[in-house]
Amino acid sequence: MVADGQDRVAALQARNAELQRLLESARSSLGEMRDKLAQAQEPPQTFATFVQRVGAHADVVSNGRRMRVAMLPNVEGDLVPGAEVLLNPMSVVVGVAQPERAGQGAIVREVIDDERLLVVARGEDERVVILTGGDARARLSEGDTVIIDPRTGFATERIERTGVEALLLEEVPDVDYDRIGGLAPQIERIRDAIELPLRHPDLYREHALTPPRGLLLYGPPGCGKTLIAKAVAHSLADAVGADRSYFLSVKGPELLNKYVGETERYIRTIFERARAKASEGSPVVVFFDEMEALFRSRGSGVSSDMETTIVPQLLTELDGVEQLGNVIVIGASNREDMLDPAILRPGRLDVKIEISRPDAASARDIFSKYLTPDLPLAASAVEAAGGDRVRVAKDLAERGVDRLYADPNNKSLMSGALIRNAVDRAKTRAIKAVIAGGERGLTAAHVDAACDQELAEARAVASSSLREG
């Protein structure tokens with residue numbers, strides 16, 4: 001009997017513990033329901049933008065209206081100008097909200113000071129806004145895109161505009177004039193036009209000579225126009241004693257945009273970025289490739305006449321560049337005859353340099369840039385030359401020139417790009433020979449085969465163009 005009584009007592013205790021647990025769970029659930037009900041019955045809170053703290057009060061902007069409101073002492077958070085806060089129905093600041101990540105995009109026209117910006121929004125509507133967090137000079141530059149709230153006058157953050165930023169490749173070119181072959185006369189003229197005024201500004205002022213603000217490189221494709229432009233940017237830093245230079249590379253077709261005014265905005269943004277970099281003392285090269293795609297003669301009737309607004313925009317920017325000695329505008333075109341004459345007149349792109357197809361002597365110089373003694377050369381050829389690797393490399397270059405210019409008519413097919421590609425083909429053949437178990441290093445046979453293949457492809461392309469024409 002005693003044992004049965006003890007078992008019943010233990011069972012009742014266990015049941016009592018379970019009931020107690022269930023009661024506590026129900027009490028907790030009831031408390032949560034009360035809290036949720038209280039939250040559901042709370043009045044809505046209003047979002048506002050914090051402007052400044054004034055004692056125990058705060059100046060805020062809500063729905064475009066500036067107010068001075070009370071602020072609870074327990075409000076925590078980083079209350080900097082532009083921060084989002086919460087107002088209760090009595091218009092008292094009761095908390096800090098997460099900042100809004102949406103807004104209107106605007107282009108920075110000028111950084112006024114560490115806090116204020118002059119921006120352009122909705123076409124040409126200029127207004128002054130305040131950057132949240134300050135330090136505008138370090139964080140922004142002309143041409144950047146920021147998010148602004150037109151109701152409060154704050155700019156919250158900088159955003160990347162892929163459509164524009166893709167056009168503004170702020171490269172620091174590693175190409176110098178020594179890497180360009182066959183264009184010595186053109187390079188000398190370019191250096192006279194661009195570097196002399198920067199290296200000897202006093203002499204130019206003494207002679208009342210205005211340096212050119214831009215130049216046009218024209219000629220067939222693949223002959224080194226882009227390479228020269230990069231070399232100019234590389235050498236300008238040394239000419240003005242700057243730490244670095246900038247090369248804003250712009251492809252003409254990439255500027256095209258189907259929306260009215262967008263192409264013009266791109267052009268303005270490019271020059272705004274150039275002016276911002278130049279004002280820091282760094283030389284800037286603005287390089288327009290394929291210029292004939294955009295800046296055709298107005299009224300030619302060969303396009304949709306969109307150049308009637310695009311060309312004047314470029315002319316305006318070119319005239320404005322005259323005030324900045326560190327900005328050089330370089331244009332490249334395969335069809336200079338299609339460009340608007342106003343762009344080519346003296347005072348704009350006034351230096352015009354033809355980059356022609358290389359002759360045999362120029363081709364020899366180009367080959368020497370790519371067929372160098374430090375390449376893997378065939379051991380048999382080096383041994384036959386008495387170990388003179390320089391001589392072997394020169395012989396290979398001469399072999400390539402003889403092969404490419406065996407027919408005088410081949411000159412109309414030649415370009416620096418073709419010569420470089422021929423050398424690359426020869427190197428590929430040398431690699432495949434090693435893989436197949438043959439002799440390591442470049443040979444005359446590799447150069448001959450590569451040149452023949454390049455010529456065959458160039459003739460095929462030229463014949464196809466003639467048939468289509």
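Visitor: How many nonpolar, polar and charged residues are in the lining of the largest cavity?
Guide: A cavity is a set of points on a 1 Å grid over the protein atoms alone where a 1.4 Å probe fits but cannot get out, and lining residues have an atom within 4 Å of a point. Ala, Val, Leu, Ile, Met, Phe, Trp, Tyr, Cys and Pro count as nonpolar, Asp, Glu, Lys and Arg as charged, and the others, Gly among them, as polar. The lining is made up of Phe367, Leu371, Ala422, Val423, Ala426, Val447, Ala450 and Cys451. By class, that gives no charged, no polar and 8 nonpolar residues.

Visitor: Before we go on, what sort of model is this?
Guide: Residues are numbered from 1 along each chain as its sequence is written, and side-chain values use heavy atoms, with hydrogens and water left out. Local features need pLDDT of at least 70 and side-chain atom pairs pLDDT 80 or more, while totals for chains, interfaces and linings use all residues, as the model is predicted.

Visitor: Back to that cavity: how much space lies in it?
Guide: The whole structure has 1 cavity of 30 Å³ or more. A volume is the space filled by probe spheres set on the grid points, which are joined across faces, edges and corners. For the largest cavity that comes to about 30 Å³.

Visitor: Which elements each supply at least two residues of its lining?
Guide: Helices (H or I, at least four residues) and strands (E, at least two) are DSSP runs, numbered from the N terminus. The protein has 14 helices and 16 strands. The elements you want are α13 and α14.

Visitor: Which residues of α13 are buried?
Guide: The helix has 20 residues and reaches 29 Å from first C-alpha to last, close to the 28 Å expected at 1.5 Å a residue (1.5 Å times one less than the number of residues). Buried means under 20% relative accessible area, exposed over 50%, partly exposed in between (1.4 Å probe, protein chains only). By that cut-off, the buried ones are Gly416, Leu418, Ile419, Ala422, Val423, Arg425, Ala426 and Ala430.

Visitor: Which residues are closest to the centre of the largest pocket?
Guide: A pocket is an open set of points with protein on both sides within 12 Å along at least five of seven lines. The largest pocket has a volume of about 550 Å³. Of its 29 lining residues, the closest to the centre are Gly222, Cys223, Gly224, Leu227 and Tyr370.

Visitor: How far apart in sequence are the parts that Arg399 and Asp448 tie together?
Guide: Their side chains meet in a salt bridge at 2.6 Å, N to O (the cut-off is a side-chain nitrogen of Lys or Arg within 4 Å of a carboxyl oxygen of Asp or Glu). Arg399 is in helix α12 (residues 389-404) and Asp448 in helix α14 (residues 444-468), so the parts are separated in sequence by 49 residues.

Visitor: What about Arg68 and Asp59: which relative accessible area does Asp59 have?
Guide: The closest N and O atoms of their salt bridge are 2.7 Å apart. Arg68 is exposed, at 52%. Asp59 is buried, at 5%.
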